[in-house]
Every structure is written in C-alpha cells, then in structure tokens.
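I would like to begin with a single side chain and then widen the view.

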Amino acid sequence: MTARQRLDEPTNFLYPFIDGDENDSTALLTDLADSAAMKAAESAALRRTTLESCSALIETAAAELTRRFAAGGRLFAFGNGGSSTDASTLATLFAQPPTGQALPAWSLTADQAVLTALGNDVGFDLVFARQLIARAQATDIAIAMSTSGNSADLLLAMHEAHGRGLYTIGFTGYDGGAFAANPDVDVCFVVRSQSVHRIQESQALLGYQLWSTVQAQKGL
C-alpha cells in the first residue's frame, strides 16, 4: 500500500499525521499535541451544547425516575459493544454512587452466563428483551444506550419494556436513528455528532447529569 493510499483511508482524518512523510520529531509532536487539543475542544463543545439541548428532558426523566424509585422501581441498563460498558457504568453510578443514596440498578450485560445462554438458545436479538420478561415489573426503568439507535436487540427490548409499563429512556447519536420519535421510547437523548467517540463522551455526561438530578430531586 502506498503512502497516498494510506492517506486516502476514510478514518485517517482522525490521525492525519500517522501516515505522513514526517521525519521531524518536533513537528510530529506538535501535530500530536494539536490533534489532541482539537479533539478535546470538539468534545467539550459538543458536551456543552448537548447538555443544553437535553436539559429539559433530563429534568423530565429525573422526575419520573425519582417517582419510580420511591415506589420501589428498579433500573435496568443495557447496550452493545462500547455502549454496554457505558450502560454498566451508569448502572453502577446509581447502585454504588460516590455520594448520596444507593438506588437499585443493574446492567443486563453484566452476567456472561445469562447473556451467552440467551444468545445461543433464543438468538442475540432477544438477549435483553428476555431478561426484562424474567425480571422487570411495571414500576421499573429501562435505559438503552446506543450510538446509532438502530440495534435490533435494543429496539426489541424497548418494545418489550414499554409494553410492560416500564419507563424507557434511549441514549443515541447521529440523527437519533430508530430511537427518535419511537413510541416505545419515552425519552430520547440524542447527541448530534457523526463521531462515535464524541457521542459516547457526551452520553457519559448526560448519564451523570441524569443521576445527579435524581439525587437532587430526592434531596440527598
């Protein structure tokens, strides 16, 4: 592969200096620093605008979460790939908070035995829906985290959850995907970006803000 072919790869805009003919170590370090600073600035700007655009939705969702937790409700979070770790982080924040009151929350991706058994026995599209069928009650909360909002297993889980009376929250990116304007998604937080990295960074802040607002509404 030639240097020109490497530079033409669609992901090279992320790291334009990697395949260049750069022999000057000082210039390379400058490029690295400039790239990191650019990404940090983009992330900070996106997180700020996303938080502003979602502020009313956060208040609405937090009020309903507070009501449901007070009534004995529980939170179930789930996602695929990197979003599964984000869902686990969010569930842990509610269940084992650094301050405030611990609230009942679980990640549906945490149990490898359950996840792989369902994937093998009934199909991967149902790995979250089946867990909700077995565990969830009408007073509970379902949070699906995604960058696209189009994953079949998440959509089926949200459909199942909404039909059972759970309060459903979707985190997504791009234009919202199938989560947006979906009757099975009560609240949809959309991060308007084309970058998976930036989407997940902003979603992490939205999740923290949701938890923080619930704690504040509970007066803790």
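**Starting from one tyrosine**

Let us begin with Tyr208, which has a relative accessibility of 41% and therefore counts as partly exposed, since that label covers values between 20% and 50%. Please keep in mind throughout that this is a predicted model. Trp211, by contrast, has a relative accessible area of 3% and is buried. Both Tyr208 and Trp211 belong to helix α7, residues 196-217, where they are three residues apart, which means that about one helical turn separates them.

Now to the overall layout. The protein has seven helices and five strands, and, read from the N terminus, the elements follow the order α-α-β-α-β-α-α-β-α-β-β-α. Of its 220 residues, 42% are buried. The protein exposes about 10,800 Å², and carbon and sulfur atoms supply 55% of that area. If we take the contacts between residues at least 6 apart in sequence, we find that 67% of them join residues at least 24 apart.

How many aromatic pairs does a search of the whole structure find? There are five, and one of them is formed by Phe69 and Phe94, a tilted pair with 6.0 Å from centre to centre and 35 degrees between the planes. Phe69 lies in helix α2, residues 25-70, while Phe94 lies in helix α3, residues 82-95, so this pair ties together parts that are 25 residues apart in sequence. Both partners are covered: Phe69 counts as buried at 8% relative accessibility, and Phe94 is buried with a relative accessible area of 0%. Our opening residues, Tyr208 and Trp211, also form a tilted aromatic pair, with 5.3 Å between the centres and 50 degrees between the planes. A ring can have a charged neighbour as well, and here the charged end of Arg135 sits over the ring of Trp106, 5.5 Å from the centre of that ring.

Let me turn to the interior. In soluble globular proteins, nonpolar side chains tend to be buried together. The largest nonpolar core in this model has 30 residues, and those with the most contacts inside it are Leu65, Phe94, Ile143 and Ile169. Several elements give two or more residues to this core, among them α2, α3, α7 and the strands β3 (141-145) and β4 (167-173), and it is α2 that gives the most, with seven residues.

How values were computed. Residues are numbered from 1 along each chain as its sequence is written. This is a predicted model: local features need pLDDT of at least 70, side-chain atom pairs count only at pLDDT 80 or more; totals for chains, interfaces and linings use all residues. Side-chain values use heavy atoms; hydrogens and water are left out. Helices (H or I, at least four residues) and strands (E, at least two) are DSSP runs, numbered from the N terminus. Buried means under 20% relative accessible area, exposed over 50%, partly exposed in between (1.4 Å probe, protein chains only). Contact means heavy atoms within 4.5 Å. Accessible areas come from the Shrake-Rupley method with a 1.4 Å probe; for residues, only the protein chains shown count as cover. Rings of Phe, Tyr and Trp (its six-membered ring) pair if their centres lie within 6.5 Å; planes under 30 degrees apart count as stacked, over 60 as edge-to-face and the rest as tilted. A charge sits over a ring if NZ of Lys or CZ of Arg is within 6 Å of the ring centre and within 35 degrees of the ring normal. A nonpolar core is a set of buried Ala, Val, Leu, Ile, Met, Phe, Trp, Tyr and Cys residues joined through side-chain atoms within 4.5 Å.
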